[in-house]
Amino acid sequence: MLPSVLTYFRLGTINSLPPDLIYKSAAQTALDLVPRLREQGADIIVAVTHQREPNDYKLAERLPPGFIDIILGGHDHYYAHAIVNGIQVLRSGTDFKQLSYIEAWRKADGPGWDFNIIRRDIVRSIPEDPATVALVAKLTSSLKSKLEKPIGYTVRPLDARFSTVRQRESNLGNFVCDLMRFYYAADCAMMAGGTIRGDQIYPPGILRLKDILNCFPFEDPIVLLRAQGRALMDALENGVSQLPALEGRFPQVSNITFSYNASAPPGSRINWAKIGGHPIEYDRTYSLATRGYMGRGKDGFASLLVQSAGGEVEEVVDEESGILVSTLLRQYFLSLKVMGRWQRWSKSLARHWDTVHQNLHCNGWLKPASGQTSPVTEKAPVRPQRPTLQRSKQYYQYGRFTEIDTEESPEKEAQSHEDMDSDSDSDPEILTSPQPTTNYVTLPAQSAAEEERRLRLARRVVRKWMQKAGFQPTTLNGTDDAGFTPTWTPGISPRLEGRIVIEDTR
């Protein structure tokens with residue numbers, strides 16, 4: 001947001017480009033457009049862009065110094081400020097995590113402007129605005145039941161503690177890195193341990209959508225790079241360089257094994273490293289699945305800096321085409337479900353996930369769902385069509401009741417059933433609907449909290465019944481795959497495999 005000081009000047013503004021400028025490059029558009037704005041009396045020219053940071057730099061480099069005054073960039077999800085060719089280039093982060101306060105002053109010694117740019121981070125110490133809090137609560141209330149939806153199941157505890165993922169091998173890190181590698185058919189995968197933000201042990205049992213989003217909140221996609229072995233070795237060295245500090249750069253890996261000595265000098269802590277069981281060849285090119293954050297050289301991963309950001313590493317799948325870690329995990333768990341996969345799951349996507357499963361689960365990391373003889377069916381079974389409810393010809397969706405005339409439009413009725421699929425990304429909040437529908441068992445839960453209360457009550461009653469009946473409850477320990485799995489999905493069971501060896505020669 002521009003401060004009020006700028007409102008005293010005549011700004012260069014345009015609502016839509018003239019037809020003759022629509023198909024030109026950003027630099028050529030500026031060269032053609034800015035003189036027109038100057039002729040109309042604009043004192044200061046602000047370019048508001050939505051492109052990657054390197055492209056903003058190229059734009060500034062290709063314009064004459066002082067041709068425009070400041071570039072306010074977008075698209076990238078981080079804060080950055082630079083002066084390129086005398087032009088201020090600023091991007092103010094994302095999701096209101098940061099803001100920029102900008103003041104512009106006429107230069108005293110010539111034409112142009114001096115800028116005072118102050119970064120302001122949104123932190124907890126800033127008082128909340130009650131009206132905004134109420135508005136956010138209203139807008140997000142419909143998301144709560146979605147976040148509580150069971151999305152997967154784990155047979156073993158998943159270790160996401162900072163003390164684990166930032167200094168040693170984690171079974172959750174192994175699982176996610178393997179999934180990244182097989183999704184992109186890469187030679188190896190590397191993920192900074194700071195990617196995993198759960199800081200807890202997820203116990204055996206149901207994983208909910210909110211668990212995935214809370215543990216992997218970052219919005220930079222997974223990318224596929226081609227990097228030389230030397231670059232990978234440097235990346236591993238960087239990953240262990242700050243120990244014993246629990247830095248987020250510590251690497252979790254797939255198809256990579258390495259040994260390190262934390263007491264050795266930084267830069268020479270890796271004792272040995274292998275890819276696919278063979279020593280890393282410095283001059284060989286490997287395909288690497290990693291986060292876009294690391295591909296931008298962040299957290300000291302300068303050896304992985306991609307060409308578009310000024311580095312030497314080739315991008316096969318860039319951030320524009322990559323997939324978020326949270327989205328990848330959601331697709332994975334949905335692809336495991338016995339029924340209720342995504343409605344528009346294409347044949348090519350099904351074939352792709354079949355290949356991922358064949359590679360990922362060949363090491364016994366999956367326990368079949370109860371009643372299944374094989375871990376994952378090759379094709380999703382045909383979903384039985386819901387019977388038409390005769391008691392009403394309307395259903396509640398997105399704050400309104402919708403009438404369905406089944407006699408005039410049977411296609412519309414079929415579409416309504418598809419829209420009400422509980423596994424759809426756009427499903428209505430049927431379970432929390434205020435519609436006073438009664439069934440023969442109980443009233444539907446009115447909120448996620450009410451659903452949790454009922455589950456706790458049901459568990460307590462079942463425990464008492466088992467005690468009265470003389471049954472002994474089964475327990476799940478984290479060392480084997482014994483125990484229950486639900487009927488609707490297999491249970492994942494990742495384990496430690498000695499990928500990261502800690503050696504201390506002191």
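**A helix, its neighbour and a sheet**

Strands here (E, at least two residues) and helices (H or I, at least four) are DSSP runs, numbered from the N terminus. Keep in mind that this is a predicted model, where local features need pLDDT of at least 70, side-chain atom pairs count only at pLDDT 80 or more, and totals for chains, interfaces and linings use all residues. Residues are numbered from 1 along each chain as its sequence is written, and side-chain values use heavy atoms, with hydrogens and water left out.

Zooming out, strand E13 (residues 222–228) and strand E18 (residues 285–291) run antiparallel, joined by seven bridges. The open sheet has five strands, in the order E14-E10-E18-E13-E19, and its pairing is mixed; to pair, two strands need at least two DSSP bridges between them. At the edges, pairing on one side only, are E14 (251–254) and E19 (314–317).

Now, what lies across E10, E13, E14, E18 and E19? That's H6, running at about 135 degrees to E10 (188–192). Angles run from 0 to 180 degrees between N-to-C directions, with axes fitted to C-alpha atoms, for helices over the stretch in contact.

And H6 (residues 171–184) has a helix partner too: its axis comes within 9 Å of that of H11 (residues 347–360), crossing at roughly 135 degrees. That makes H6 oblique to H11, oblique being whatever is left after under 35 degrees (roughly parallel), over 145 (roughly antiparallel) and 65 to 115 (roughly perpendicular). In the contact (heavy atoms within 4.5 Å), H6 brings Phe 175, Asp 178, Leu 179, Phe 182 and Tyr 183, while H11 brings His 352, Trp 353, Val 356, Asn 359 and Leu 360.
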